[in-house]
Amino acid sequence: MVLYLGIETSCDDTAVALMENEKCLANEIITQDSSMFGGVVPEYASREHMDVLPKLIDSILIRNNVTLHDLSFIAATQGPGLLGSVMVGVQYAKSLAWSLNIPWIGIHHLEGHAIIAKWNSSLEFPFGILLVSGGHTCIILANELSKYEILGSSMDDAVGEMFDKVGRCMGFPNPAGPYMEEYAKKSKSAIEFTIPLKNDDSMNFSFSGLKTAAIRFWDQSDKSEQTKSDICMGLQKTVAKSLESRLENVWKSYNIKSWVFAGGVASNLYIREKITNLCEQNGKNIFIPEPKLCRDNGLMIAYTGYLYYKKGIVSQYNESAIANYKIDHIKFK
Ligand code: KG4
Ligand code: ZN
């Protein structure tokens, strides 16, 4: 029996999961309230993790009637992310693991987002990943655990970042993505925005032009609730079309059968459906984690750690947080 923890603190959510082999015993998240700052403030986020993380771990262990001494290893997000935030999780995981004489396993945050799609599913390597989150928008080829190739990525804003920035202008709390999805449902006539890089056959993305167009449209509008909804639906549609066109470009050169759609934006039901339909029409197998596992969570870190642990791969105690950790340079020997 392997009992283990997964810790995720890369941004402003403190998330912890407790698992026993492949079974999830707890997957809890405490989201910081950054509404008074209008966005995440790194120093504030790290202080909150310092306060919340030990209490969250203790309460999960107590409620599951286990102690630290029952753990076989502890996994934590090693990067990328806000340096202070990642460090809180990494240092806490390492200190606990060192004192318990068990391994710690540092996990690449984006690998966690993608690998959770393997949990309770038939997904096997190799597969393609469409990773769309607040910090990243990219297409990755997953050859094996820790072996990734970036095929294309955003040259400016990530999709989630664009949603959050436009959302802030329209008065939504941060992160704005979930509010955008709700507002889009009330749209009567979606605003038509230009699809980014429409006639470009690369695998890269660009969302800053769309962001500027949406903000300009809002500034010059009647600023009604209906206009908000129509902008949100217009953005969702345009993002879906942009993601679809990039996948189609990839498929011209790469014959990858299985695809994962992951990251916080993949929890959006409208965009999920569009990507699912496109994959099915093109004979691809599509795997999308359930919405709450698309957003940052501890389970994705715990489960990815478990796959490494089963292969006998663990981290060194002298490793630390890597703020700009690249997925094509994962550090496992
Ligand atoms: O993966 P994630 O939880 O954190 C990062 O690693 O960045 O993604 C967060 C991003 C935020 O920008 C948020 O606005 C967006 O995902 N998001 C959504 C939805 N839920 C979260 N975007 C669109 N629709 C949603 N339902
Ligand atoms: Zn994330």
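**Exercise 1. By about how much of a helix are His-109 and His-113 separated in helix 3 (residues 109-115)?**

Solution. 
- Start with the numbering: residues run from 1 along each chain as its sequence is written, chains are lettered from A and ligands numbered from 1 in the order written. The model is predicted, so local features need pLDDT of at least 70, side-chain atom pairs count only at pLDDT 80 or more, totals for chains, interfaces and linings use all residues, and side-chain values use heavy atoms, leaving out hydrogens and water.
- His-109 and His-113 are 4 residues apart in helix 3, so about one helical turn separates them. Helices (H or I, at least four residues) and strands (E, at least two) are DSSP runs, numbered from the N terminus.

**Exercise 2. Find what coordinates the zinc ion (ligand 2).**

Solution. 
- List the donors: His-109 (NE2), His-113 (NE2) and Asp-296 (OD), at 2.0 Å.
- Know the cut-off: donors are N, O and S atoms within 2.8 Å of the metal (3.2 Å for Na, K and Ca), and sites may look incomplete because water is not among the atoms.
- Read the spacing in sequence: H-x3-H-x182-D.
- Check burial. His-109 is buried, with a relative accessible area of 6%. His-113 is buried too, at 1%. Buried means under 20% relative accessible area, exposed over 50%, partly exposed in between (1.4 Å probe, protein chains only).

**Exercise 3. Which helix gives the largest share of the lining of the largest pocket?**

Solution. 
- Helix 4 does, with 6 residues. Helix 4 spans 159-169.
- The whole lining has 40 residues; Asp-296 is one of those nearest the centre of the pocket. Asp-296 is also a zinc donor.
- A pocket is an open set of points on a 1 Å grid over the protein atoms alone, where a 1.4 Å probe fits, with protein on both sides within 12 Å along at least five of seven lines; lining residues have an atom within 4 Å of a point.

**Exercise 4. Is Pro-196 buried or exposed?**

Solution. 
- Pro-196 lies in the loop between helix 5 and helix 6 (208-219).
- At 12% relative accessibility, Pro-196 is buried.
- Between the C-alpha atoms of Pro-196 and Leu-243, 47 residues apart along the chain, the separation is 9.7 Å.
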